[in-house]
Amino acid sequence: MVSPTYWTCCLKKPWPTNRGGGPLKKELMEILACPICKGELELQVEVEEGDEIIKGALVCHRCDEKYPIDDAIPNLLPPQLRT
Ligand SMILES: [Zn+2]
């Protein structure tokens, strides 16, 4: 699995718990920003476990862009950088 550290550059603040990444929790939504416009992201939950988002998506309405969440790790790479 890809190290989650790559997406922490998109955080408005340092990752509050285990720095460098970890499961996406609802409380962390407020420090997540769109990697393109740095705007607010809307959380769409498909699977959650406690307060962790296991599967879903983060949606930026300004960019009309959707960032998938898999295994509780959000993929916040801009679409053109995804492989
Ligand atoms: Zn955006």
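In the protein chain, 32% of the contacts between residues at least 6 apart in sequence join residues at least 24 apart. Two residues are in contact if their C-beta atoms, placed from the backbone, lie within 7 Å. This is a predicted model: local features need pLDDT of at least 70, side-chain atom pairs count only at pLDDT 80 or more, and totals for chains, interfaces and linings use all residues. Residues are numbered from 1 along each chain as its sequence is written.

The protein chain has 4 strands and 0 helices. Its pattern along the sequence is β-β-β-β. Both element types are DSSP runs numbered from the N terminus: helices are H or I with at least four residues, strands are E with at least two.

Burial comes next. Of the 83 residues, 19% count as buried. A residue is buried if 20 or more other C-beta atoms lie within 10 Å of its own, exposed if 12 or fewer, and partly exposed in between.

The largest nonpolar core has 12 residues, among them Leu24, Cys34, Ile53, Cys60 and Ile73. Such a core is a set of buried Ala, Val, Leu, Ile, Met, Phe, Trp, Tyr and Cys residues joined through C-beta atoms within 7 Å. Strands S2 (52-60) and S3 (65-70) each give it two or more residues. S2 gives the most, with 3. Beyond four places in sequence, Cys60 touches Cys34, Ile36, Cys37, Gly39, Leu41 and Glu65.

Now take Val45, in strand S1 (residues 42-49). Val45 counts as exposed because it has 12 C-beta neighbours inside 10 Å. The C-alpha atoms of Val45 and Lys55 are separated by 6.4 Å, with the two residues 10 apart along the chain.
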